[in-house]
Amino acid sequence: MESLELSDFFKNQNLNISNEFWNVEISYSKINSESKKIEIEKVIEFQNEYQSDSIFVSIQKKNTKSYKNIELNGLDGGFYLHKSTENDKSQTVKLNESNLIMSLGFTILSLNLKEIEIDWILRPDISELFEFYDLEDDILLRGEHRIFRIDKNGNIKWEFGGRDIWVNLEGKSEVNIEENKIRLFDFESNEYLLNFNGEELAYKPRIIKTKKPTFFKNPKRWFYQKVWEKMTENGNK
């Protein structure tokens with residue numbers, strides 16, 4: 001796959017997600033809101049020091065014909081919109097009853113679809129956020145530097161940091177939720193075992209260290225890697 005095609009895929013993302021209450025379409029592209037031929041119900045502005053593009057969320061309550069379009073503007077950082085599947089439990093977008101939870105760059109937020117308001121918003125890591133996982137009634141969020149357990153009201157129950165960043169290049173899944181434990185692998189493939197309260201039960205250091213490549217100075221590289229995996233996976237089916 002050509003790098004230009006991969007870049008275009010990353011810059012132009014669309015995702016549809018639904019539950020028993022709502023149909024939601026999320027779109028992100030390098031197009032400003034004035035070029036979108038839709039009527040915007042509400043613009044929600046986030047403040048940061050970087051120039052950023054907008055995400056558009058189109059919501060429809062089931063069994064109605066009415067649509068509402070929302071623009072989220074001012075988010076910073078890279079992200080890859082995806083929902084969980086049977087084989088891949090990671091997600092950056094989830095519908096939790098009438099709340100849309102999204103991990104977007106440095107920010108994770110919960111958008112109330114009934115009120116069209118942000119119920120909660122967090123920037124918990126010093127760097128970018130990746131995906132999150134379902135953990136009992138909460139979510140387990142993987143940031144570049146920290147792992148967070150967050151409840152449905154946006155409260156951080158606990159956080160955990162390892163010896164290195166939570167990006168592994170050896171094919172190990174960084175976050176693995178087992179029956180009553182969480183198994184983690186960091187960049188160097190050091191292994192950590194936690195209980196659901198975030199307490200460390202075991203630690204197995206990697207003896208042979210992996211040299212960290214310079215491209216991880218740019219965290220967006222991780223998202224390009226994830227998009228590449230999805231594209232090649234779809235092409236092999």
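Select isoleucine 55 to begin: leaving aside its neighbours within four places in sequence, isoleucine 55 is in contact with Ile26, Ser27, Tyr28, Ile70, Glu71, Leu72, Leu75, Phe79 and Leu104. The model under view is a predicted one.

An open sheet of 5 strands has the order 1-2-4-5-3, and its pairing is mixed. Which strands are the edge strands? They are strand 1 (13-18) and strand 3 (42-45), each of which pairs on one side only. On average, neighbouring strands of this sheet are turned by 20 degrees against each other, direction ignored.

Select strand 3 together with strand 5 (residues 67-73): the two run parallel and are joined by 4 bridges. Within this pairing, isoleucine 44 has leucine 72 of strand 5 as its bridge partner.

Follow the chain onward from strand 5. Aspartate 76 lies in the loop between strand 5 and strand 6. Is aspartate 76 buried or exposed? At 6% relative accessibility, it counts as buried.

Serine 110 is the next selection, and it is found in strand 8. Its relative accessibility is 1%, so serine 110 counts as buried. Display its surroundings: with neighbours within four places in sequence left aside, serine 110 is in contact with Asn99, Leu100, Ile101, Glu117, Ile118, Asp119 and Trp120.

Move to strand 11 (residues 138-143) and strand 12, which run antiparallel and are joined by 4 bridges. A hairpin of 3 residues connects strand 11 to strand 12. In this pairing, isoleucine 139 stands opposite isoleucine 150 of strand 12.

Now show the side chains of strand 12 (residues 147-150). Ile147 and Arg149 point one way from the strand, Phe148 and Ile150 point the other way, and all are buried. In a regular strand the side chains alternate between the two faces of the sheet.

The hairpin of strand 12 and strand 13 has 5 residues between the strands; in it, glycine 154 takes a positive phi near 85 degrees.

**The aromatic cluster**

Select Phe160, Trp166, Tyr192 and Tyr203, which form one aromatic cluster. The count of aromatic pairs in the model comes to 5. For tryptophan 166 and tyrosine 192, the ring centres are 5.3 Å apart and the planes stand at 70 degrees, so the pair is edge-to-face. Tryptophan 166 lies in the loop between strand 13 (156-160) and strand 14 (175-177), and tyrosine 192 lies in strand 16 (residues 191-195), so the pair ties together parts that are 26 residues apart in sequence. Tryptophan 166 is buried, with a relative accessible area of 0%. Tyrosine 192 also counts as buried, at 3% relative accessibility.

Finally, display lysine 172 and phenylalanine 185. The charged end of lysine 172 sits over the ring of phenylalanine 185, 5.9 Å from the ring centre.

**The whole chain**

The secondary structure of the protein chain comes to 2 helices and 17 strands. Buried residues make up 49% of its 237 residues. Among the contacts in the protein chain with a separation of 6 or more, residues 24 or more positions apart account for 49%.

Notes. Residues numbered from 1 in each chain as written. Predicted model: local features only at pLDDT ≥ 70, side-chain atom pairs only at ≥ 80, totals over all residues. Heavy atoms only, no water. Pairing = 2+ DSSP bridges. Axes fitted to C-alpha atoms, helices over the stretch in contact; angles between N-to-C directions. Phe/Tyr/Trp six-rings, centres within 6.5 Å; stacked < 30°, edge-to-face > 60°. Buried < 20%, exposed > 50% of the residue type's maximum accessible area, 1.4 Å probe, protein only. Lys NZ or Arg CZ within 6 Å of the ring centre and 35° of its normal. Contact = heavy atoms within 4.5 Å.
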